Amino acid sequence: MLRIGPYELHAIVTGRLRLDGGAMFGVVPKVLWGTRAPPDDRNRIQLAMRTLLAIDQSAGRVILIDTGAGDKWDADEIDRFAFEIEGDLLGAGLASFGLGNDDVTDVIVTHLHFDHNGGLTVREPGEPKRCRPRFRKACHWVHQRQLDHAHSPAPKDRASFLERDFTPVQEAGLFETVEGDASASPLPNVSWFVADGHTPGQLLPRFHDDEVRLHYMGDLIPTAAHLPVPWIMAYDNEPLRTAGEKQRVLQECGEQGLILFFEHDPNVAAARIDVSRTRPEVKEAIDV
Ligand SMILES: [Zn+2]
């Protein structure tokens with residue numbers, strides 16, 4: 001557990017999946033990435049889906065950042081992505097703090113790719129073709145550019161958006177959109193970092209107080225292996241833009257000791273980063 005400002009922060013691994021190692025590392029050759037992220041016999045590497053839970057007891061605020069892939073998957077998809085999503089790990093994580101779905105006051109939606117926010121909706125009991133929002137009392141923060149893009153995606157990331165994950169949330173009026181690129185957020189001790197290289201309007205929150213700053217990385221730096229600037233996913237719509245965004249983050253790691261929270265790293269939830277050498281590396285893993 002980490003405390004920042006009024007929040008207790010807890011990492012919850014909601015499941016695991018496997019994606020193609022080549023797609024995950026873009027132009028980096030397999031002889032380099034293969035030792036950092038060993039592939040299976042179908043060239044896939046293992047990734048976590050890690051939600052950050054922030055609890056402000058005094059204000060009664062319960063924030064989730066991303067919600068994992070959810071459970072609306074058929075057998076073929078489970079095989080293709082090697083989903084490990086048995087049991088409701090997000091629900092179990094909330095329950096371990098005495099919380100249920102209706103206690104969640106805010107969901108920060110970094111972006112709407114299925115492996116980040118398939119967990120926003122669940123199937124309607126008795127009507128398997130219909131989905132409904134899972135967190136019915138929560139304000140769902142999403143960037144307007146991302147919501148627009150999700151409805152008319154680029155050919156590169158079309159397959160990552162599933163209407164069933166976000167249209168029910170929108171129809172229920174639960175989205176609160178963020179516009180522009182300003183860092184100010186209405187949530188106390190939280191600021192926004194808006195990144196556009198991976199997908200337009202990726203909303204990456206930072207939690208901060210006078211001593212500690214933690215930045216949720218989403219798909220900007222999905223794992224610790226992606227710390228070097230050129231190690232950029234082939235999935236990204238604008239890789240050179242991603243490079244500039246990573247440079248900004250790494251500079252702040254050096255100047256301000258920023259803690260990075262890795263949504264997809266199979267082992268490391270959060271870390272301080274050593275940027276003093278050519279290749280940025282994890283300096284100190286942080287317990288979250
Ligand atoms: Zn993504």
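Start at Asn189. Setting aside residues up to four places away in sequence, Asn189 touches Ile4, Gly5, Pro6 and Tyr7, and also Phe207, His208 and Asp209. Keep in mind that this is a predicted model. Asn189 sits in the loop between β9 and β10, the latter being residues 190-195. Its C-alpha lies 8.0 Å from that of Ile4, although Asn189 and Ile4 are 185 residues apart in sequence. Is Asn189 buried, exposed or partly exposed? Burial here takes 20 or more other C-beta atoms within 10 Å. Asn189 has 16 C-beta neighbours inside 10 Å, so it counts as partly exposed.

Phe207 has Leu214 of β12 as its bridge partner. Strand β11, residues 202-208, and strand β12, residues 213-216, run antiparallel and are joined by 3 bridges. These belong to an open sheet of 6 strands, in the order β10-β11-β12-β13-β14-β15, with mixed pairing. β10 and β15, the latter at 281-285, are the edge strands, each pairing on one side only. On average, neighbouring strands of this sheet are turned by 35° against each other, ignoring direction.

Next, Arg241, which is in helix α8, residues 239-256. Which residues is Arg241 in contact with, leaving aside its neighbours within four places in sequence? They are Asp196 and Gly197. Arg241 is partly exposed, because 16 other C-beta atoms lie within 10 Å.

Now helix α7, residues 163-171. Asp165, Phe166 and Val169 are buried in α7. They cover an arc of only 60° around the axis, so they are on the same side of α7. In general, an α-helix has 3.6 residues a turn, so residues three or four places apart point the same way. What do the buried residues of α7 pack against? The list is α5 (114-117), β6 (121-124), β7 (127-133), β8 (139-143), α6 (144-151) and β9 (175-178). Just after α7, Gly173 takes a positive phi of about 70°.

Nonpolar side chains tend to be buried together in soluble globular proteins. The largest nonpolar core in this model has 79 residues, and Val107, Leu260 and Phe261 have the most contacts inside it. Strand β3, residues 44-56, supplies the largest share of this core, 8 residues. Val107 touches Leu64, Thr67, Leu120, Phe135, Ala138, His140 and Trp141, again not counting residues up to four places away in sequence.

Last, the chain as a whole. The protein chain has 8 helices and 15 strands. Its radius of gyration is 18 Å, close to the 19 Å that the globule rule gives for 288 residues, so the chain is as compact as a globular protein of that length. Along the principal axes, the C-alpha atoms fill a box of roughly 55 × 45 × 35 Å. Buried residues make up 46% of the 288. Of the contacts between residues at least 6 apart in sequence, 68% join residues at least 24 apart. The contact between Asn189 and Ile4, where I started, spans 185 residues in sequence.

Terms used: Residues are numbered from 1 along each chain as its sequence is written. This is a predicted model: local features need pLDDT of at least 70, side-chain atom pairs count only at pLDDT 80 or more; totals for chains, interfaces and linings use all residues. A nonpolar core is a set of buried Ala, Val, Leu, Ile, Met, Phe, Trp, Tyr and Cys residues joined through C-beta atoms within 7 Å. A residue is buried if 20 or more other C-beta atoms lie within 10 Å of its own, exposed if 12 or fewer, and partly exposed in between; C-beta atoms are placed from the backbone. Helices (H or I, at least four residues) and strands (E, at least two) are DSSP runs, numbered from the N terminus. Two residues are in contact if their C-beta atoms, placed from the backbone, lie within 7 Å. The arc is that of the directions from the helix axis to the C-beta atoms. Two strands pair if DSSP finds at least two bridges between them. Axes are lines fitted to C-alpha atoms, for helices over the stretch in contact, and angles run from 0 to 180 degrees between N-to-C directions. The radius of gyration is taken over C-alpha atoms; the globule rule is 2.2 Å times the number of residues to the power 0.38.
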